[in-house]
Amino acid sequence: MSIEVESVSKRFGEFTALDGVSLNVVEGGLTALLGPSGSGKSTLLRIIAGLEVPDSGAIRLDGRDVTQARPQDRGIGFVFQHYAPFEHMSVFENVAFGLRIRKRPRDEVRRRVDELLALVGLTQWGGQRPHQLSGGQRQRMALARALAVDPRLLLLDEPFGALDANVRGELRRWLRRLHDEQGVTTVLVTHDQEEAMEISDTIAVMNAGRIEQVGSPREVYDSPATEFVMSFIGPVSRVEGRLVRPHDVAVSLEPEPGTVEAMVTRVIHLGFEVRIELELPGGERAHAQLTRAQTDQLELAPGDIVYVRWGARGTTGDVPQPRAEASPPATA
Amino acid sequence: MRLSRSVTLSLRTVALAYLVLLLLLPVGVIFAKTFEHGFGTAWGWITTPAAVSAFWLSVLIAAIAVPLNTIFGVGTALVLVRGKARGRALLDSLIDLPFVVSPVIVGLALVLVYGVDGWFGKWFMDQGVRIIYAPAGMIIATVFVSLPFVVREVAPVLLEVGEEQEQAAATLGASRWQTFWRITLPSIRWGIAYGVVLTTARALGEIGAVAVVSSNVAGSTLTLPLLVQQRMTTSFGPQAVTSSYAAGTELAIMSLVVLLAMTLIAPRKGDAA
Amino acid sequence: MPGVRSRVRVRPGRGGLGLGVATLYMSVIVLIPLAAVAAKAFGQGLGALWSSITSSVALTALGVTLASSLLVAAIGAVMGTLVAWVLVRDRFPGKRFVNALIDLPFALPTIVAGLTLIALYGPQSPVGIHLAYARAGVLLALLFVTLPFVVRAVQPVLIELDPEAEEAASSLGASSFTTFRRIVLPALRPAIISGTALAFARAIGEYGAVVLLAGKVQIASLVIYNDIESGTPEGAASLSIMLLAVSLLVLVLLRRIGGRGAT
């Protein structure tokens, strides 16, 4: 299912959640709506789902205008952050719910639910109640439930937000594999940029009710359209009025043309990488990211004076600078 | 806070003594007094025609008042918690009125509205419907006094359960009615159960309001509580005591069943599962 | 962060229609009848209303009722808190039974409560305590009926109370009593007040538990009943208005304390 979001705005009292947002999602991919709290990503997702109605603008699914349509009429599947399990029903009945209300025959329901439980790895848990499951299992049940009615669009609202870090990692990779198998257009809301980078085909970066950039993970990282996108997607230092990535900072012991003097304030060993914290003559702080080998070679220690160049790539050392402000949207 | 042993024991003793003297002892004595002259006598007193019809009248009134207030209660709880309309806060405050109005005032109020000289009394008389001094009035009185229980028990549960399950059902394609019937109702069932139990207890035990609207005629407008009162105040000698205690014990046993239900359901109210 | 979200209605239309139906039900059952009482009281003219309210019968009834109810509320507040404390903080065999017992006055018909109390403390008492003053019997009956209000209001608050605050006070040298007075009691105060207010409102209107006892004692509800039976509804309505005014005051107080609304 393709999605067209056209100039959608939404306010809650004094607060503007979405400000004339537009977005196109083509069929079949996994798109992430990425942004900090309050950026409007969940609101946008809920408007696409029909759980909220926009103040202005339109939503089209497969070309059909659904702006005022109820969730029941959109053919979507929705997975909530806290799973919204039907507590008084067994896992089996939860997954079967969508089929039961469509009055499907008993054996068809049984077959489909068994299939789905196997798909999400919950076969032995069919008779249990949701509160007996772990967080990760509940999330998988919620997914199975949403998939049971063959939605053409799957929407997930911070699906891994309430889980432990290691479970989160496993589950997100599992979701990507599931998506590759099932092929359902999927939109995922998250504030975790690592998550978005790892599993999505396209990322729409949102901030304060607007979309700042839409692109593949690589595009968004390498060519950030705005300063916000650059600083949200990865680590940055702000020096001399520019934003620089730590791994784009070249450190040498000898002054060379194009370098600036800096003092090493800390050397932090983070396992494989080493972070060098630097202080510039003007008082500005920056950090560089080097490998262990590089650090050992340079024999860096706090207090050392070194010479740094911003932008290790290319001979001129120029890194394209992002705009300060967002501009009109792109297609996902 | 860790209290010394002697303080703990004293507090415990005072509390338990208070409860025994105030609750247990009186109820124990009534049982004793009922069977003072033997089980047969007591049984005789609750199987008189007057007593039997009093029992059934009480049950009938409850059987009508409880479902009415349950439907009202669930519906109103939904309006108050899930609704958007603007008069909700006012309605919310009014719900508590039956809790603070004296039952005799309720009776008076109904007489003033439905009695022969009342606001609508004439109209009803013309239709041939007796409200005051008839079971209909007693039913209305009972509905009044037992009105708030289901609302007040269901509303907090609705609030606690939250809307997400209902939204999930909507995304899965359930119509509004399907969502209500399959998701909302089951999630509040223990709140409803507890509210129903409280309503039933109140309905069975009501006396003040029905005393005013009743003609106290055995067989038609005498409920069990009214029978107890009548026997105590209009009979003479030890008969008065035993006969009314017997009816009182019958009521007490009915309410012990209710109390048991309350005790079993109360802990379940907390989990919406 | 967003405040109240505009909700999509996902259940049977319970917007304006539901509110309308609920209000209609309330009006027919509760509001119109109460309005009739007010109409009767004020309909006799303010002069007549005033002399009715200030008649010695009415004043005595009000005085006795309010005084008894206040006393019962006060005792109930103290004992109710004590009982709640013991039920939450203490452990002894049979505690669950005792806890269930607290609801007995809610479950038991009030007439039976009155019956049990004259059984024990009235004439022909087996325990040999003959209450010379029917007023004391009334107090006992009202204490019986209002017992659960304070206990059930205080219990949940006590259970939720963070023990760390008390532990901090102890570590700073406070005695148990001081800790109770300065840390625990303030936290319980809203619950105690709301429970006591409800108990008071219940007590001033109580009929069934006192009707058998109060032969010589002029309780307001009994005076109202007598007025109705003797064909003077104006008098009954006048006294009722006074009682209702007090009850409504209590309701407003409860609203202010909070914790009773669904909205």
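## A strand pair in chain A

In strand β4 of chain A, A:Ala58 is the bridge partner of A:Glu6. The two strands concerned are β1 (residues 3–12) and β4 (residues 56–61) of chain A, which pair in the antiparallel sense over five bridges. Two strands are said to pair if DSSP finds at least two bridges between them. Strands (E, at least two residues) and helices (H or I, at least four residues) are DSSP runs, numbered from the N terminus.

This is a predicted model, in which local features need pLDDT of at least 70 and side-chain atom pairs count only at pLDDT 80 or more, while totals for chains, interfaces and linings use all residues. Residues are numbered from 1 along each chain as its sequence is written, and chains are lettered from A and ligands numbered from 1 in the order in which they are written.

## Chain A as a whole

Chain A contains nine helices and 17 strands. Its C-alpha trace spans about 80 × 45 × 35 Å along the principal axes. The chain is divided into domain 1 (3–228) and domain 2 (237–310), with bounds that come from an automatic or database domain assignment. The C-alpha centres of these two domains lie 41 Å apart.

Of the 332 residues in chain A, 42% are buried. A residue is buried if 20 or more other C-beta atoms lie within 10 Å of its own, exposed if 12 or fewer, and partly exposed in between, with C-beta atoms placed from the backbone. Among contacts in chain A between residues at least 6 apart in sequence, 64% join residues at least 24 apart. Two residues are in contact if their C-beta atoms, placed from the backbone, lie within 7 Å.

## The four-stranded sheet

The pair β1 and β4 belongs to an open sheet of four strands in chain A, in the order β2-β1-β4-β5, with antiparallel pairing. At the edges stand β2 (15–25) and β5 (64–65), each of which pairs on one side only.

## The five-stranded sheet

Another open sheet of chain A has five strands in the order β13-β17-β14-β15-β16, and its pairing is antiparallel. The edge strands are β13 (249–252) and β16 (285–291), each pairing on one side only. From one strand to the next, the twist averages 45 degrees. Such angles run from 0 to 180 degrees between N-to-C directions, and axes are lines fitted to C-alpha atoms, for helices over the stretch in contact.

In β13(A), A:Val249 and A:Val251 lie on a covered face, whereas A:Ala250 and A:Ser252 lie on an uncovered one.

Strand β14 (residues 260–270) of chain A is joined to β17 (residues 305–310) by four bridges, and the two run antiparallel. Here A:Glu261 is partnered by A:Tyr307, and A:Met263 by A:Ile305. Seven bridges join β14(A) to the antiparallel strand β15 (residues 273–279), where A:Glu277 stands opposite A:Arg266. β14(A) and β15(A) form a hairpin with two residues between them, and A:Gly271 in the turn has a positive phi of about 75 degrees.

## Chain B

Chain B has 15 helices and zero strands. Its C-alpha atoms fill a box of roughly 70 × 70 × 30 Å along the principal axes. Of its 273 residues, 58% count as buried. Among contacts in chain B between residues at least 6 apart in sequence, 75% join residues at least 24 apart.

## Where chains B and C meet

In the interface, 79 residues of chain C are in contact with 89 residues of chain B. Helix α1 (residues 16–43) of chain C gives the most to the chain C side, with 16 residues. That side divides into 54 nonpolar, 16 polar and nine charged residues. Ala, Val, Leu, Ile, Met, Phe, Trp, Tyr, Cys and Pro count as nonpolar, Asp, Glu, Lys and Arg as charged, and the others, Gly among them, as polar.

The axes of helix α6 (residues 103–114) of chain B and α1(C) come within 8 Å and cross at roughly 85 degrees. α6(B) is therefore roughly perpendicular to α1(C). Angles of 65 to 115 degrees count as roughly perpendicular, under 35 as roughly parallel, over 145 as roughly antiparallel and the rest as oblique. Among the residues making the contact are B:Ile105 and B:Leu108 of α6(B) and C:Ile32 and C:Lys40 of α1(C). By class, this contact has eleven nonpolar, no polar and one charged residues.
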